[in-house]
Amino acid sequence: MRTWILILSLCWALPALADDLAKPELEFIFKAFVTLDPPQELGDTKYGKRRIIGINGGTFAGPKMKGVVLDGGADWQTVRADGTADLVAKYSLKTDDGYVIYIQNSGIRTAAPEVLAKLAKGEDVPSSQYYMRTAATLEVNEDSPYAWLNKSVIISTGRRNADSVELDFYRVK
């Protein structure tokens, strides 16, 4: 009986404890326009349909930073049987004041089959018709004015265009 009283009292206290936790908020960091090479289709592999999309440039800008997307990165995608794309992009940004920021962005893009077919053809599709979200890790020199990125949880939402991707990055506060 004592065990039940203890369990019930803990269950009653849990909602009150949850109120003490900080609720996450999002702080806009920057918008990136990333230009892309045509996809290299590897075909079906043991993990799914594999493709590699080279990153060849672009720009980014936000309230605290702006600059260019450097040539040389790529997005290594695996497309599942249902059409959902697992995204793993690695590339570099260079701020206008000369700092290089390494970014690794992992997430998914999914939608109804007819929407995915339009995206595959390079057609413009409103981003509200599909789900494209990522979690990003940014890495920069600890002595830079952007060192706070090294200690931040960052997410993004995106839009796929025919030859580019548009991403809005947010710091979880």
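User: First up, in which strand is isoleucine 155 found?
Analyst: Isoleucine 155 is in strand β9, which covers residues 153-160. Keep in mind that this is a predicted model.

User: Thanks. Is that residue buried, partly exposed or exposed, and why?
Analyst: Isoleucine 155 counts as partly exposed because its relative accessibility is 31%.

User: And which residues make the nonpolar surface patch of about 260 Å²?
Analyst: That patch is made by Leu26, Val153 and Ile155.

User: Let's zoom out. How many helices and strands does the protein have?
Analyst: There are two helices and 10 strands. Along the sequence they come in the order α-β-β-β-β-β-β-β-α-β-β-β. The protein has 173 residues, and 35% of them count as buried.

User: On to the inside. How many cavities of 30 Å³ or more are there?
Analyst: The count is one. The largest cavity has a volume of about 180 Å³.

User: What lines the largest cavity?
Analyst: The lining has 16 residues, and Asp75, Ala89, Met132, Val165 and Leu167 lie nearest the centre of the cavity. By class, the lining consists of 10 nonpolar, three polar and three charged residues.

User: Which strands do those come from?
Analyst: At least two lining residues each come from β1 (26-36), β3 (48-61), β5 (73-79), β6 (85-95), β7 (100-110), β8 (131-139) and β10 (164-172). The largest share belongs to β6, with three residues.

User: Now the open side of things. What volume does the largest pocket have?
Analyst: The largest pocket has a volume of about 320 Å³. It is lined by 18 residues, with Arg51, Arg109, Leu116, Leu119 and Ala120 closest to its centre. The elements giving two or more residues to this lining are β3, β5 and α2 (113-120).

User: What is the lining of the largest pocket like by class?
Analyst: The pocket lining has eight nonpolar, four polar and six charged residues.

User: Changing topic: how many salt bridges does a search of the whole structure find?
Analyst: The search finds eight. One of them pairs aspartate 168 with lysine 31, with the closest N and O atoms 2.7 Å apart. Aspartate 168 sits in strand β10 and lysine 31 in strand β1, so this pair ties together parts 137 residues apart in sequence.

User: Which residue does arginine 159 meet in a salt bridge?
Analyst: The side chain of arginine 159 meets that of glutamate 166, at 3.3 Å from N to O. Salt bridges with shared partners join Lys31, Arg159, Glu166 and Asp168 into one network. Arginine 159 is partly exposed, with a relative accessible area of 29%, and glutamate 166 is buried at 14%.

User: Nice. One more: where are aspartate 96 and lysine 66?
Analyst: Their side chains meet in a salt bridge, at 3.9 Å from N to O. Aspartate 96 is in the loop between β6 and β7 and lysine 66 is in strand β4 (residues 66-69), so the pair links distant parts of the chain, 30 residues apart.

User: Why does aspartate 96 count as exposed?
Analyst: Aspartate 96 counts as exposed because its relative accessibility is 55%, and exposed means over 50%. Lysine 66, at 48%, counts as partly exposed.

Definitions and conventions:
Residues numbered from 1 in each chain as written. Predicted model: local features only at pLDDT ≥ 70, side-chain atom pairs only at ≥ 80, totals over all residues. Heavy atoms only, no water. 1 Å grid on protein atoms, 1.4 Å probe; cavity = no way out; pocket = protein on both sides within 12 Å on 5 of 7 lines; lining within 4 Å. Points joined across faces, edges and corners; volume = space filled by probe spheres on them. Helix = DSSP H or I, 4+ residues; strand = E, 2+ residues; numbered from the N terminus. Nonpolar A, V, L, I, M, F, W, Y, C, P; charged D, E, K, R; others polar. Patch = residues over 30% accessible without salt bridge, like charges linked within 9 Å, V, L, I, M, F, W, Y side chains within 5 Å. Areas by Shrake-Rupley, 256 points an atom, 1.4 Å probe, with all protein chains shown as cover. Salt bridge = Lys/Arg side-chain N within 4 Å of Asp/Glu carboxyl O. Buried < 20%, exposed > 50% of the residue type's maximum accessible area, 1.4 Å probe, protein only.
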